[in-house]
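Dear colleague,

Please find below the structure that I am handing over to you. My notes on it follow directly after.

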Amino acid sequence: MLGTILPEGLSVVETREEAPEATLYPEEAAVVARAVHKRRAEFATVRHCARRAMAELGLPPAPLLPGERGAPRWPGGVVGSMTHCAGYRAAVVGLASRFRSVGVDAEPHDTLPEGVLDMIALPAERERHTALCHDRPEVHWDRLLFSAKESVYKAWFPLTGRWLDFSEADIVVEPGTGPTGSFAVRLLVPGHTTSGEALTGFSGRWRVEAGVVCTAIAVPAPERSKPPVPRRGPSSAAPTTPPQP
């Protein structure tokens, strides 16, 4: 599902069931030691997915502990994102040499609880939501918008190390023609990455399938500029006649 809306180069592992073979490192198990069984199971399964995704890229397994604000701490040289909801678990992993950040989210494809849309959506987003509901009522656009905002934060935080509120990103959802579409994100706060580069927005994609809505953002790494190929001018051209003695 997520694999259909993410670019090549990212490894995606997803499951609709808990993985009974999933195991945790001792330091991971300590994080959820006091949690209920459901929470421990989803925590273990999504990390099992992440380690399988890492293996597909030739990376060794490693503990994936929650860091600041709950964001997973990935090994050096690795970027990724994890998500889980009722009946769905997924992890996406990429190499930092190819991607700067990844943010994915999955939600049940159902209407948001009453009042939540007003809490997360800007006035312009609510207007667009009304139009989308009129044009394609089979999609729960409120839940899709919520998911997109979650993906935005997951992509933003590793780049900036800063909190981003729901009201600080304006998202325009493109409905597409089937179960898949796109969205554009305009950040409403001065955004700069930890390396000082300006950050003004993202582009993402969405998909609805089998009772789940997924959203995804992948931020490519900048292409390394190649050194210019030296050109041989007249002064450096090879002689066309043999040198005179």
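With four residues, α4 (123–135) contributes the most to the lining of the largest cavity; helices (H or I, at least four residues) and strands (E, at least two) are DSSP runs numbered from the N terminus. The model is predicted: local features need pLDDT of at least 70, side-chain atom pairs count only at pLDDT 80 or more, and totals for chains, interfaces and linings use all residues. Residues are numbered from 1 along each chain as its sequence is written, and side-chain values use heavy atoms, with hydrogens and water left out.

The largest cavity has a volume of about 80 Å³. A cavity is a set of points on a 1 Å grid over the protein atoms alone where a 1.4 Å probe fits but cannot get out, and lining residues have an atom within 4 Å of a point. Points are joined across faces, edges and corners, and the volume is the space filled by probe spheres set on them. The lining consists of Glu125, Arg128, His129, Leu132, Trp141, Leu145, Ile171 and Val173. Besides α4, the elements giving two or more residues to this lining are α5 and β5.

There is also an open sheet of five strands, ordered β4-β8-β7-β6-β5 with antiparallel pairing (two strands pair if DSSP finds at least two bridges between them). Because β4 (99–108) and β5 (169–174) stand at the edges with a single partner strand each, one side of each has no neighbour in the sheet. Nine bridges join β4 to β8 (residues 212–220), and Val102 stands opposite Ala218 in β8.

Kind regards

Notes:
On a 1 Å grid over the protein atoms alone, a cavity is a set of points where a 1.4 Å probe fits but cannot get out, and a pocket is an open set with protein on both sides within 12 Å along at least five of seven lines; lining residues have an atom within 4 Å of a point.
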